[in-house]
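Hi,

Here is the structure I said I'd pass along.

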Amino acid sequence: MIDLKYLQNHFDEAAMKLRKKGIGNDTLQELKSLFASLKEANAAFESARAEQNQMSKLFGEYKREGKDIAELKARVDAKKEEIAVLQEAAREADAALYKLALTIPNFPDDTVPEGEDENDNVELKKVLEPKTFDFKPKEHWELAELNGWIDFERGVKLAKSRFSVLRGEAARLERALINFFLDTNREKGFEELCVPFLNNAAMLQGTGQLPKFEDDLFKIEDENLYLIPTAEVPLTNLYNDEILSEKELPVLMTGYTPCFRKEAGSAGRDTRGMIRQHQFDKVEMVAISHPDRSDEVFEMMVQNASDILTALELPHRIVVLCGGDLGFSAAKTIDLEVWLPGQNQYREISSISNTRDFQARRAKIRFKEGKKNRLVHTLNGSALAVGRTLIAIMENYQNEDGSITIPEVLKKYM
RNA sequence: GGACAGUUGGGUGAGUUGGCUGAAACCACACCCCUGCUAAGGGUGCAUAUCCUAACGGGUAUCGAGGGUUCGAAUCCCUCACUGUCCGCCA
C-alpha cells in the first residue's frame, strides 16, 4: 500500500509518479479525500469516546462515595447513542478508504523509464552471444516430443489444459536445476526454506495479490487458502506483522516451490509448449532489507540470477521494465530474458523487483531503528524459473539429431 | 474427526470476586554510572497502531479474532481460529 500521508502532503508529486502506472488523478483525489474523511470521522468518534470514558471513571468514584448516579447514567447513556453513530461512521470511512487504497499500485522509482508496455522496456545489457547453429534449431515442444521429455496430453488428462508431465531425463533435469539453483543461492548467503504451498488470504494481501488479483489465483473451496502463485508470498510473509531488529537485516531467503496461476488474462498466449502453465517450478529469492540499503541488495539479486544463467552458458539480456509494464507491487523491476534459438527471441526467465515499503506496509514488516519502528524494504526475484530454464537448455543445447546435451555444471546433479 | 486444556508486551509469566492494570515480576535489549578483566554491581528506558501538540505531554484502539452483557471487561457470556494433550485415522 502506498503511504497515504505522502499522498496527502505531496499530492502532485504522488500523482505524477502514479501516472507512469496509468492511475488517473481522479482516483487519487478520491483516495485523498477518503483519507481525510477517515481522519475526521476518527477524531469525532475518539473525542466522544474520551468523554464517555471520563464519565465511566466518575461512575466508579460516585459509587464508592455513595453518591447518586441516576443523573450521570442518563448522561452517559445519551453519549453512548451518539458514539454508536460516530463509530459506525468511522468504520464505514475506514472500509471505504482501504477498499480503494489496497487496489492502488506502488509508486515507480524515478529511474523507471516511461512507457506503455513491454515494447518500451529498456535493455541494459546482453550477456553471452547467442550461439549460431548450422542447422535450423527446433522449438522446445518439438524437442520434447522427439525425446519423450514432456507429456502434454497426459498432463491435460490428469488436470486440465496448461498442465503437463515431465518424464525421464526431463524430470531429472528439472530436479537437478532446482538443486543447482538452491545451492548457488545458499552460497550467496540466502537461507534455504521449505514453506507451505497454500497460504491464507491475509498473506496474499500482504504481498499484494489480494484483493485485486483474486481471479489469477487458485482458491481452495471452503477454506481460507490459496495455492501460492510464487514463493514470494510465503517467504516475504514469513515476517508478516513482526518487528525485526536492525542487526538481523538484510534477511536473505531462498526456496523452491511450485507456483500456481490461473493465467486468466493470458487466454490464447503461449498455449503451445511449456512457457505458460498453470503450475510451474520456481526457485525464488526474497530479501528483507534496511530501507537505506535495498538498492545494493537489488543489484546483488540481479547479479546472482544473471550469474546462474552465465554458469549454465545461457545467453540472456537484462531489461529494466517501463512504468506501464511494472507489476502492481513493484517500484522497480529488472527482467532477465533468456535467448531461445528455436523461438528466435528472448523470453523472460527471471523477474527481480524492489517493492520498497509497499509490501512492508501491507504486511506490517518493520524493524527497530533506535526506539522507533520503521518499515523495511522487501525484494523478490526468481533464481530462476525452472521450467523455462529447462526449455532454454533444450533449445540452446540441442543437437542436429534432436538430442540434448546436459550442461556441464548440471552433470554432478544428474 | 472426538474429548479436555490453553491463547496476555521481544521472551517467561502475574492478573479471571469487572473500575486504581495497557498490564506486576523476571529475562532479553538499549543507554548511562561504577569497577576492572576472562566477571560482577547500580541507575534509566523499553508493546503496537493512530490522532492532537513546536515540544513536554495527552486522547483513542488493541491482552488470539469477531460479537454480546455493563456506565465500565484482559477479567462474565456466545461464535470462530489457533496451540497443547489424549483417542481415532494417516504419509
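Let's start with a helix pair: α2 and α3 sit oblique to each other, and keep in mind that this is a predicted model. The angle behind that call is roughly 135°, with the axes of α2 (residues 11–19) and α3 (residues 25–65) coming within 10 Å. As for handedness, α2 and α3 make a right-handed crossing.

Who does the touching? On the α2 side the contact uses F11, A14, A15, L18 and R19, while α3 brings N25, L28, Q29 and K32. Sorted by class, that α2–α3 contact has five nonpolar residues, two polar ones and two charged ones.

Next, the cysteines. The disulfide count is zero, where a pair of sulfurs would have to lie within 2.5 Å. Take C259: the closest cysteine sulfur belongs to C194 and is 13 Å away, so that is too far for a bond. C259 is also buried, because its relative accessible area is 0%. C322 counts as buried too, again at 0% relative accessibility.

Finally, the overall picture of chain A. The secondary structure comes to twelve helices and 15 strands, and the C-alpha trace spans about 100 × 45 × 45 Å along its principal axes. Chain A has 414 residues, of which 50% count as buried. If you take the contacts between residues at least 6 apart in sequence, 74% of them join residues at least 24 apart.

Cheers

Key
Residues are numbered from 1 along each chain as its sequence is written. Chains are lettered from A and ligands numbered from 1 in the order in which they are written. This is a predicted model: local features need pLDDT of at least 70, side-chain atom pairs count only at pLDDT 80 or more; totals for chains, interfaces and linings use all residues. Side-chain values use heavy atoms; hydrogens and water are left out. Buried means under 20% relative accessible area, exposed over 50%, partly exposed in between (1.4 Å probe, protein chains only). Axes are lines fitted to C-alpha atoms, for helices over the stretch in contact, and angles run from 0 to 180 degrees between N-to-C directions. Helices (H or I, at least four residues) and strands (E, at least two) are DSSP runs, numbered from the N terminus. Angles under 35 degrees count as roughly parallel, over 145 as roughly antiparallel, 65 to 115 as roughly perpendicular and the rest as oblique. A crossing is left-handed if the near helix is turned anticlockwise from the far one by less than a right angle, and right-handed if clockwise. Contact means heavy atoms within 4.5 Å. Ala, Val, Leu, Ile, Met, Phe, Trp, Tyr, Cys and Pro count as nonpolar, Asp, Glu, Lys and Arg as charged, and the others, Gly among them, as polar.
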